[in-house]
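Please look over the sequence and the model below before reading the short report that follows.

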Amino acid sequence: YVPLLHRAYALWRELESVSGLPLFEQTGLIMGGAADSETVTGLAASYAAHDLPYELLDAAETMKRFPQFRVPDDYIVYFDPEGGYLFVEQCVETHLEYAEQLGAEVHIHRSGLSWRDDGDGVTVTTEKGELHAAKLVLTLGPWAVPVLAEVGVPLEVARKVQLWYGSPGLENYTGAKFIPFFFDHPYGKFYGFPSVNYAGLKVAEHGGGDPVEDPNTVNRSLSEADEAGVLRFLADTLPDFKPSLRKHTVCLYTRTPDQHFVIDKHPLHDHVVMAAGF
(Lines give C-alpha, C1' and ligand atoms only; values in the text may rest on other atoms or scores of the structure.)
Protein backbone atom coordinates (compact mmCIF):
# COMPACT_ATOMS: atom_id res chain seq x y z
CA TYR A 1 0.00 0.00 0.00
CA VAL A 2 2.99 2.33 0.24
CA PRO A 3 2.84 3.44 -3.45
CA LEU A 4 -0.84 4.28 -2.93
CA LEU A 5 0.10 6.25 0.17
CA HIS A 6 2.70 8.28 -1.72
CA ARG A 7 0.11 9.07 -4.37
CA ALA A 8 -2.39 10.08 -1.70
CA TYR A 9 0.06 12.56 -0.16
CA ALA A 10 0.62 14.16 -3.57
CA LEU A 11 -3.10 14.40 -4.26
CA TRP A 12 -3.91 15.92 -0.87
CA ARG A 13 -1.32 18.62 -1.49
CA GLU A 14 -2.74 19.19 -4.97
CA LEU A 15 -6.25 19.54 -3.57
CA GLU A 16 -4.97 21.98 -0.95
CA SER A 17 -3.32 23.99 -3.70
CA VAL A 18 -6.40 24.30 -5.89
CA SER A 19 -8.75 24.97 -2.99
CA GLY A 20 -6.52 27.24 -0.92
CA LEU A 21 -7.67 25.37 2.19
CA PRO A 22 -5.67 23.39 4.78
CA LEU A 23 -6.70 19.73 4.56
CA PHE A 24 -3.76 17.71 5.90
CA GLU A 25 -1.89 18.57 9.10
CA GLN A 26 1.53 16.90 9.07
CA THR A 27 2.34 16.53 12.76
CA GLY A 28 4.21 13.24 12.80
CA LEU A 29 2.93 9.96 14.19
CA ILE A 30 4.11 7.41 16.74
CA MET A 31 3.29 3.70 16.60
CA GLY A 32 4.48 1.21 19.14
CA GLY A 33 4.22 -2.13 20.85
CA ALA A 34 6.23 -5.12 22.02
CA ALA A 35 8.95 -6.37 19.68
CA ASP A 36 6.87 -9.40 18.64
CA SER A 37 3.58 -7.52 18.27
CA GLU A 38 1.76 -7.49 14.94
CA THR A 39 2.21 -3.73 14.68
CA VAL A 40 5.97 -3.61 15.28
CA THR A 41 6.80 -6.61 13.11
CA GLY A 42 4.61 -5.20 10.34
CA LEU A 43 6.27 -1.80 10.54
CA ALA A 44 9.72 -3.37 10.49
CA ALA A 45 8.86 -5.29 7.33
CA SER A 46 7.38 -2.21 5.66
CA TYR A 47 10.36 -0.01 6.44
CA ALA A 48 12.74 -2.73 5.24
CA ALA A 49 10.90 -2.97 1.91
CA HIS A 50 10.41 0.73 1.20
CA ASP A 51 12.48 3.88 1.34
CA LEU A 52 10.55 5.76 4.01
CA PRO A 53 11.73 8.20 6.68
CA TYR A 54 11.40 7.03 10.28
CA GLU A 55 13.06 7.02 13.65
CA LEU A 56 13.27 4.03 15.96
CA LEU A 57 12.80 4.94 19.62
CA ASP A 58 12.95 3.04 22.88
CA ALA A 59 10.53 3.71 25.72
CA ALA A 60 12.76 6.23 27.50
CA GLU A 61 13.40 8.30 24.38
CA THR A 62 9.70 8.21 23.47
CA MET A 63 8.65 9.55 26.86
CA LYS A 64 11.37 12.20 26.78
CA ARG A 65 10.21 13.53 23.42
CA PHE A 66 6.50 13.00 24.03
CA PRO A 67 6.06 13.39 27.79
CA GLN A 68 2.29 12.86 27.79
CA PHE A 69 2.84 9.16 27.08
CA ARG A 70 3.80 6.35 29.43
CA VAL A 71 5.40 3.49 27.49
CA PRO A 72 6.35 0.03 28.84
CA ASP A 73 10.10 -0.51 29.09
CA ASP A 74 10.16 -3.33 26.53
CA TYR A 75 8.20 -1.46 23.83
CA ILE A 76 9.60 -0.38 20.49
CA VAL A 77 8.21 2.85 19.01
CA TYR A 78 8.44 4.10 15.45
CA PHE A 79 8.21 7.82 14.77
CA ASP A 80 6.92 8.66 11.29
CA PRO A 81 7.64 12.31 10.46
CA GLU A 82 5.25 12.23 7.49
CA GLY A 83 2.25 11.18 9.58
CA GLY A 84 -0.57 13.45 10.60
CA TYR A 85 -4.32 13.86 10.24
CA LEU A 86 -6.90 15.11 7.79
CA PHE A 87 -9.68 17.61 8.42
CA VAL A 88 -12.18 15.08 7.16
CA GLU A 89 -15.34 17.18 6.84
CA GLN A 90 -13.45 19.89 4.96
CA CYS A 91 -11.89 17.20 2.74
CA VAL A 92 -15.30 15.85 1.73
CA GLU A 93 -16.71 19.32 1.07
CA THR A 94 -13.66 20.28 -0.99
CA HIS A 95 -13.86 17.13 -3.09
CA LEU A 96 -17.50 17.84 -3.85
CA GLU A 97 -16.92 21.48 -4.69
CA TYR A 98 -13.94 20.70 -6.94
CA ALA A 99 -15.86 17.89 -8.67
CA GLU A 100 -18.70 20.30 -9.46
CA GLN A 101 -16.20 22.82 -10.84
CA LEU A 102 -15.03 20.10 -13.22
CA GLY A 103 -18.58 19.38 -14.38
CA ALA A 104 -19.79 16.66 -12.03
CA GLU A 105 -23.41 16.45 -10.90
CA VAL A 106 -23.62 15.84 -7.15
CA HIS A 107 -26.73 14.15 -5.76
CA ILE A 108 -26.86 13.98 -1.96
CA HIS A 109 -29.58 12.58 0.32
CA ARG A 110 -30.58 10.15 -2.43
CA SER A 111 -30.60 6.46 -1.61
CA GLY A 112 -29.37 4.07 -4.27
CA LEU A 113 -31.72 1.10 -4.63
CA SER A 114 -30.11 -0.99 -7.39
CA TRP A 115 -27.91 -0.88 -10.48
CA ARG A 116 -27.71 -2.74 -13.76
CA ASP A 117 -25.25 -3.17 -16.61
CA ASP A 118 -26.79 -1.93 -19.86
CA GLY A 119 -24.02 -3.33 -22.04
CA ASP A 120 -22.58 0.00 -23.11
CA GLY A 121 -23.04 1.69 -19.72
CA VAL A 122 -24.81 1.44 -16.39
CA THR A 123 -28.07 2.56 -14.84
CA VAL A 124 -28.49 3.28 -11.13
CA THR A 125 -32.01 3.29 -9.74
CA THR A 126 -32.51 5.69 -6.83
CA GLU A 127 -35.48 6.71 -4.75
CA LYS A 128 -35.73 9.81 -6.95
CA GLY A 129 -35.37 8.22 -10.38
CA GLU A 130 -32.67 6.71 -12.56
CA LEU A 131 -29.12 7.89 -13.31
CA HIS A 132 -27.17 6.80 -16.39
CA ALA A 133 -23.40 6.74 -16.87
CA ALA A 134 -20.65 5.09 -18.88
CA LYS A 135 -19.04 3.64 -15.75
CA LEU A 136 -19.94 3.01 -12.13
CA VAL A 137 -17.74 3.05 -9.01
CA LEU A 138 -19.28 1.27 -6.03
CA THR A 139 -17.92 2.42 -2.66
CA LEU A 140 -20.72 1.09 -0.48
CA GLY A 141 -19.05 0.60 2.88
CA PRO A 142 -21.01 -1.91 4.97
CA TRP A 143 -23.68 -2.05 2.27
CA ALA A 144 -21.13 -3.75 -0.01
CA VAL A 145 -21.66 -7.12 1.70
CA PRO A 146 -24.28 -8.55 -0.70
CA VAL A 147 -22.55 -7.11 -3.77
CA LEU A 148 -19.23 -8.75 -2.97
CA ALA A 149 -20.87 -11.96 -1.76
CA GLU A 150 -22.15 -12.43 -5.31
CA VAL A 151 -18.56 -12.66 -6.57
CA GLY A 152 -17.26 -14.81 -3.73
CA VAL A 153 -15.74 -12.19 -1.43
CA PRO A 154 -17.21 -12.48 2.07
CA LEU A 155 -17.24 -9.35 4.22
CA GLU A 156 -17.92 -8.99 7.92
CA VAL A 157 -19.27 -5.78 9.40
CA ALA A 158 -18.33 -4.73 12.93
CA ARG A 159 -19.71 -1.97 15.12
CA LYS A 160 -16.93 0.35 16.29
CA VAL A 161 -17.17 3.30 18.68
CA GLN A 162 -15.05 6.47 18.51
CA LEU A 163 -14.82 8.70 21.57
CA TRP A 164 -13.87 12.31 22.29
CA TYR A 165 -12.73 13.29 25.78
CA GLY A 166 -11.98 16.53 27.53
CA SER A 167 -9.58 16.81 30.45
CA PRO A 168 -7.95 19.41 32.67
CA GLY A 169 -4.86 20.61 30.82
CA LEU A 170 -6.39 19.81 27.43
CA GLU A 171 -4.01 22.32 25.84
CA ASN A 172 -1.26 19.72 26.30
CA TYR A 173 -3.15 17.37 23.97
CA THR A 174 -3.75 19.76 21.07
CA GLY A 175 -1.96 19.64 17.72
CA ALA A 176 0.67 22.10 18.90
CA LYS A 177 1.94 19.74 21.63
CA PHE A 178 0.55 16.30 20.82
CA ILE A 179 0.63 13.94 17.84
CA PRO A 180 -1.46 11.05 16.51
CA PHE A 181 -0.62 7.63 17.92
CA PHE A 182 -1.22 3.89 17.58
CA PHE A 183 -0.31 1.43 20.33
CA ASP A 184 -0.53 -2.33 20.19
CA HIS A 185 -1.17 -3.46 23.76
CA PRO A 186 -1.81 -7.08 24.85
CA TYR A 187 -5.45 -6.18 25.56
CA GLY A 188 -6.08 -4.28 22.32
CA LYS A 189 -4.88 -1.88 19.66
CA PHE A 190 -5.67 1.79 20.25
CA TYR A 191 -5.28 4.94 18.19
CA GLY A 192 -5.98 8.60 18.71
CA PHE A 193 -5.66 12.16 17.46
CA PRO A 194 -4.95 15.52 19.09
CA SER A 195 -7.77 17.73 20.23
CA VAL A 196 -8.49 19.98 17.25
CA ASN A 197 -10.04 23.34 18.17
CA TYR A 198 -10.39 21.98 21.72
CA ALA A 199 -13.10 19.53 20.59
CA GLY A 200 -11.51 16.83 22.73
CA LEU A 201 -8.93 14.07 22.42
CA LYS A 202 -10.19 11.48 19.94
CA VAL A 203 -9.41 7.87 20.83
CA ALA A 204 -10.75 4.47 19.81
CA GLU A 205 -9.93 0.79 19.78
CA HIS A 206 -8.94 -0.79 16.48
CA GLY A 207 -9.99 -4.38 16.01
CA GLY A 208 -12.80 -6.40 17.56
CA GLY A 209 -16.27 -4.94 17.61
CA ASP A 210 -19.74 -6.43 17.78
CA PRO A 211 -20.94 -8.06 14.52
CA VAL A 212 -23.58 -6.14 12.58
CA GLU A 213 -26.24 -7.94 10.57
CA ASP A 214 -28.01 -4.86 9.18
CA PRO A 215 -26.14 -1.54 8.90
CA ASN A 216 -29.46 0.30 8.73
CA THR A 217 -30.41 -0.72 12.26
CA VAL A 218 -27.06 -0.65 14.09
CA ASN A 219 -27.20 0.35 17.77
CA ARG A 220 -25.74 3.86 17.99
CA SER A 221 -26.11 4.34 21.74
CA LEU A 222 -23.11 4.14 24.09
CA SER A 223 -22.65 1.46 26.74
CA GLU A 224 -20.13 1.02 29.55
CA ALA A 225 -18.56 -1.83 27.60
CA ASP A 226 -17.89 0.51 24.68
CA GLU A 227 -15.65 2.67 26.87
CA ALA A 228 -14.00 0.03 29.06
CA GLY A 229 -10.98 -0.75 26.88
CA VAL A 230 -10.39 2.87 25.94
CA LEU A 231 -10.51 4.04 29.55
CA ARG A 232 -8.03 1.33 30.53
CA PHE A 233 -5.76 2.41 27.68
CA LEU A 234 -5.93 6.08 28.70
CA ALA A 235 -5.10 5.24 32.32
CA ASP A 236 -2.13 3.12 31.24
CA THR A 237 -0.72 5.23 28.41
CA LEU A 238 -1.79 8.85 29.08
CA PRO A 239 -1.76 8.85 32.90
CA ASP A 240 -2.10 12.63 33.32
CA PHE A 241 -5.15 12.79 31.07
CA LYS A 242 -8.34 12.74 33.15
CA PRO A 243 -11.03 11.78 30.65
CA SER A 244 -14.42 13.46 30.63
CA LEU A 245 -16.60 12.18 27.80
CA ARG A 246 -17.74 14.85 25.36
CA LYS A 247 -19.22 12.84 22.50
CA HIS A 248 -19.16 9.52 20.70
CA THR A 249 -19.95 8.21 17.24
CA VAL A 250 -20.60 4.69 16.03
CA CYS A 251 -18.93 3.71 12.77
CA LEU A 252 -18.90 0.45 10.86
CA TYR A 253 -15.83 -1.55 9.83
CA THR A 254 -16.16 -3.79 6.79
CA ARG A 255 -13.50 -6.50 6.89
CA THR A 256 -12.36 -9.08 4.37
CA PRO A 257 -11.11 -12.45 5.67
CA ASP A 258 -7.44 -11.51 5.14
CA GLN A 259 -7.92 -7.87 6.26
CA HIS A 260 -6.84 -6.55 2.85
CA PHE A 261 -8.84 -4.03 0.82
CA VAL A 262 -10.92 -4.88 -2.24
CA ILE A 263 -10.12 -2.44 -5.07
CA ASP A 264 -10.80 -3.95 -8.47
CA LYS A 265 -13.00 -4.18 -11.50
CA HIS A 266 -16.16 -6.23 -11.12
CA PRO A 267 -15.30 -9.67 -12.56
CA LEU A 268 -18.60 -9.84 -14.47
CA HIS A 269 -19.10 -6.21 -15.48
CA ASP A 270 -16.35 -4.25 -17.25
CA HIS A 271 -18.11 -0.92 -16.57
CA VAL A 272 -18.09 -1.39 -12.77
CA VAL A 273 -15.29 -0.86 -10.25
CA MET A 274 -15.61 -1.81 -6.58
CA ALA A 275 -13.77 -0.53 -3.51
CA ALA A 276 -14.58 -1.93 -0.07
CA GLY A 277 -13.20 -3.61 3.01
CA PHE A 278 -11.60 -0.49 4.52
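Is the crossing of α1 and α4 left-handed or right-handed?

## Basis of the model

This is a predicted model, in which local features need pLDDT of at least 70 and side-chain atom pairs count only at pLDDT 80 or more, while totals for chains, interfaces and linings use all residues. Residues are numbered from 1 along each chain as its sequence is written, and side-chain values use heavy atoms, with hydrogens and water left out.

## Two crossing helices

The crossing of α1 and α4 is left-handed, that is, the near helix is turned anticlockwise from the far one by less than a right angle. The axes of α1 (residues 2–19) and α4 (residues 88–101) come within 11 Å and cross at roughly 65°, which makes α1 roughly perpendicular to α4 (a term for angles of 65 to 115 degrees).

Where the helices are in contact (heavy atoms within 4.5 Å), Trp-12, Leu-15, Val-18 and Ser-19 of α1 meet Cys-91, Thr-94, His-95 and Tyr-98 of α4. By class, the residues of this contact are 5 nonpolar, 3 polar and no charged.

## The second largest pocket

The second largest pocket holds about 1,000 Å³ of space. On a 1 Å grid over the protein atoms alone, a pocket is an open set of points where a 1.4 Å probe fits, with protein on both sides within 12 Å along at least five of seven lines, and lining residues have an atom within 4 Å of a point. Of its 25 lining residues, Gly-112, Val-124, Leu-136, Val-137 and Leu-140 are the closest to the centre.

Strands β6 (112–117), β7 (122–126), β8 (129–133) and β9 (136–138) each supply at least two lining residues, and β6 gives the largest share, with 4 residues. The lining comprises 14 nonpolar, 8 polar and 3 charged residues.

Note on methods: Grid points are joined across faces, edges and corners, and a volume is the space filled by probe spheres set on the points. Ala, Val, Leu, Ile, Met, Phe, Trp, Tyr, Cys and Pro count as nonpolar, Asp, Glu, Lys and Arg as charged, and the others, Gly among them, as polar. Axes are lines fitted to C-alpha atoms, for helices over the stretch in contact, and angles run from 0 to 180 degrees between N-to-C directions. Angles under 35 degrees count as roughly parallel, over 145 as roughly antiparallel, 65 to 115 as roughly perpendicular and the rest as oblique.
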